[in-house]
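Subject: Handing over a structure, with notes

Dear colleague,

I am passing on the structure below for you to look at, and my notes on it follow. Please read them with the sequence and the coordinates open beside you.

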Amino acid sequence: MKDNIKLRKFYVKPQLPAKLEPLNELSQNIWSTWDTDAYRLFSRIDPNLFRQSNHNPVKLLQIVSAKRLEELAQDKGFLYEMKSVQKNFRNYLSFVGQYTDEKDRKHDFPEDFRVAYLSMEFGLHESLSIYSGGLGVLSGDHLKAASDLGLPLIAFGLLYRYGYFSQKINLDGLQEEIYEENEWYSKPIEKLKDEEDQDLVLEIRVKGEAIKLKAWRINVGKIPLYLLDSNLLENSPKYRHITDYLYDAVTDTRILQEIVLAYGSIELLRKLQIKPSVFHLNEGHSAFLIIKRLKDLITEENFSYDEACELVRATTVFTTHTPVPAGNEKFDAKLIESYLGDEIRACGQDFNEFAQLARIKGDDAFSLPALAIRFSRHINGVSQLHSRVSQEMWHSIYPEVYEEEMPIQAITNGVHLQTWLSRRIIRLLDRYIGDEYRHRAEDPEIWRNVLSIPDTEVWEAHQTRKEQMISFMRNRLRQTLLHRGSSDSITKLSNVLQPDHLIIGFARRFATYKRGNLILRDKERLLKIINNPEQPVQFIFAGKAHPADSKGKAMIQEIIDFARLNHIEDKFIFIEDYDMNIARHLVQGCDVWLNTPVKPLEASGTSGMKAGMNGALNLSVLDGWWPECFSGYNGWAIDAGESVADPELRDRLEANEIYDILENEIVPLYYTRDQSGLPLDWIEKMRFSIYDVGKGFNIHRMLREYIDKFYIPGSLNGFRLKENEYENLHKLIDINNQIKSFWDRIRINDFQVNVYENKIIQNQEDLRFQATIDLDGAPAELIRVEVFYKYGPEHFELIPLDLVQKENNLGIFRGEHAVLGAGMQGFNLRIRPAPCCFKDFYDRIKWYY
């Protein structure tokens, strides 16, 4: 048949024997890819085919032979195992989640409580190519954890025809990108149907033109993930291709993708008749949702602009994920006006005035994170350090408050245990701490017995998985060489990596700030470490560079050239086409996990968490999550360049520190064995790593923080505003208008305190304050008089002053507070609105000067 003849394709659904029908139910839910028993069940059908199908149960059932299926239908052992897995699955789906109130009482989630979660990418499984890296994998883990905890959450994203690229390394060591069309019929995904059992089609309008969208659903345990698809013949080509590629490089297409995500999600919610109580924007990509919600509230529900703004702010959660400028999306304002100007004017707003809400000081671009911050009551960074960096980065949005007061909290990321723990480690945890961690991993008490797991069992579990990882890497390398036609090297590399030698892993996106080539700074010294005949060291690298990032690609080439030129391709290797499958093998099999970002550009970093909870020891710059976990007993810190501004000197210092730690600590510790051949001191660190990372950085803990800090309070905010036909909302807007009318007339006449400038006092003393405020007829109960008291680099208190006397238009306010800590401290007086709209609480401030 000629290759250029185009065939009309159709799909034939496989017919399973009646006794095997439960396999259909199990294969259509992502739960089967992370549950160890379900994974083993599908692998039992045909291990080789399961690997060939990328561990995709749906694909496996399509390609396995009818003869094999008939054999399994008569296999009593298989049928028993299948029914057991099905029972576990249904028990899992029946789990009822709860939340804990401020008095530590447990409650079922309210019926009208539901979270809508929007993200541009979701990393659920290697067979679903709708993710590019850490952000997507975190989103996928977020949904899995929501399912584990029984959280009422629905998620929205885009269905990419090609997704992210497959990576191939050519003979020159350069990355090449290959885009392969997704075959959705062979994935655990289904189209949504309308009342007449036809494909559900949504419509949004952009620039007066209709864009038709199909909607698909992936079941992630108990959580539905809805994906929007513009690849319909009814659309013109410019709209049909909107959802072709993840993070399309064409600016107009990228804007359209983000409009489709926001506007399409709202339209689908209407079709499904679901009204979320809170919306979670995962990064700025989905910030156009704010404009859509404002317009609908104003034009369809007749709210005023101020009322709509307060409703949106009260019920919006925003997570910022990176301090790197390229990750914070912004566009030319004129371009945004061309797409959404009519939408904003429909809200009764001038576009240029509204665009000020999406700007930061010194930049006229329309910034999606800036818009999201101004319209979200609940905002977070993804680690303690990242939240502080974000407060500084976005301080110009609310310049009247101190950086430390910027309303950006810290909720440090976590990872989904069942997805990322090796089956060997899961068996250890089941045996020594029970299986409660599957639904309650956030409880620290559950993890205590990890520290009592015997040395031999920890080591055997790790070594077994390490050997499996090596076998997997050899096969991947062999496939790579066959693809390149390099048959001469296949024999040479068939025994690449040795299980009894130390293995260090580095796997992540190859961006310049991640410094994947820092280890090559002193090549001669590195070669001595690698080629030490008594204590050899091996390295595995993996990761993709963005197609437009020539420097990232050059880093990959430098790693490959170093191995080739020094004839160490058997122990210094690069694995191409990094995905979740490769990641799982690496984090479960490596001995050490290397991480070398430029501080503080690593917002969180979750690969080190995945490795650490499998017993790998982190060797990392103190950036992202690692400062919160590092104890000295569970890994090593790279900090020699922490206070160095010169990049060249910083890189040299930190590279030398890595070599020093390897030569003097890591390598000797690993190779020091007892009479039984066990590295007991190393195993002790492994135990602490599993305990510390598992206890503190599992995604159940992260999600509980979102629930307690954001989801429940955000929903309650919305419920309160809606009570009695929005009585509280109307009152709040009336008060806010009243405050606006008198705010410019209020003056601070005098401020007295018992501590004068540069006075030295004892820390047992109290600070006593008195302020005289010219109220000019304003109600005293509508303003808050307070002292901002800073008593450490990152510590402050807000001390309220009470009205003690009012005479004519003057109010006397007093308060006192004990001195906290020691050292240089400071304070100042300010006034701000009391009960008011959230934004005004940060915008409308007067300081005493």
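In strand S28, the bridge partner of Ala771 is Phe813, and this pair is where I would like to begin. The model is a predicted one, in which local features need pLDDT of at least 70 and side-chain atom pairs count only at pLDDT 80 or more, while totals for chains, interfaces and linings use all residues. Residues are numbered from 1 along each chain as its sequence is written, and side-chain values use heavy atoms, with hydrogens and water left out. Helices (H or I, at least four residues) and strands (E, at least two) are DSSP runs numbered from the N terminus.

**The sheet around Ala771**

Strands S24 and S28 (residues 810-818) pair in the antiparallel sense over nine bridges, where pairing requires that DSSP finds at least two bridges between two strands. On S23, Phe751 stands opposite Ala771 of S24, and Arg747 has Asp774 in S24 as its bridge partner; S23 and S24 (residues 766-774) are joined by six bridges, again in the antiparallel sense. These strands belong to an open sheet of four, with the order S23-S24-S28-S27 and antiparallel pairing. Its edge strands are S23 (747-753) and S27 (802-807), each of which pairs on one side only, and the twist from one strand to the next averages 20 degrees. In a regular strand the side chains alternate between the two faces of the sheet.

**A second open sheet**

Four strands in the order S26-S25-S29-S30 form another open sheet, and here too the pairing is antiparallel. S26 (795-800) and S30 (846-847) stand at the edges with a single partner strand each, so one side of each is left without a neighbour in the sheet. S25 (residues 783-792) is joined to S26 by six bridges, and Gly792 has His795 in S26 as its bridge partner.

**Two helix pairs**

The axes of H27 (residues 647-671) and H28 (residues 680-696) come within 6 Å and cross at roughly 110 degrees; axes are lines fitted to C-alpha atoms, for helices over the stretch in contact, and angles run from 0 to 180 degrees between N-to-C directions. H27 and H28 are therefore roughly perpendicular to each other, since angles of 65 to 115 degrees count as such, those under 35 as roughly parallel, those over 145 as roughly antiparallel and the rest as oblique. Contact (heavy atoms within 4.5 Å) is made by Ile666, Leu669 and Tyr670 in H27 with Asp681, Trp682 and Lys685 in H28.

H27 also bends by about 45 degrees at Leu662, the bend being the angle between axes fitted to the seven residues ending there and the seven starting there.

The axes of H11 (residues 288-299) and H13 (residues 333-345) come within 10 Å and cross at roughly 25 degrees, which makes H11 roughly parallel to H13. Their contact involves Phe288, Ile291 and Lys295 of H11 and Ile336, Leu340, Glu343 and Ile344 of H13.

**Two backbone details**

Most residues other than glycine have a negative phi, and most peptide bonds are trans. A cis peptide bond, with omega about 5 degrees, joins Lys599 and Pro600, and Pro600 is found in the loop between S20 (592-595) and H25 (607-613). His55, although not a glycine, has a positive phi of about 60 degrees, and His55 lies in the loop between H4 (47-52) and H5 (57-63).
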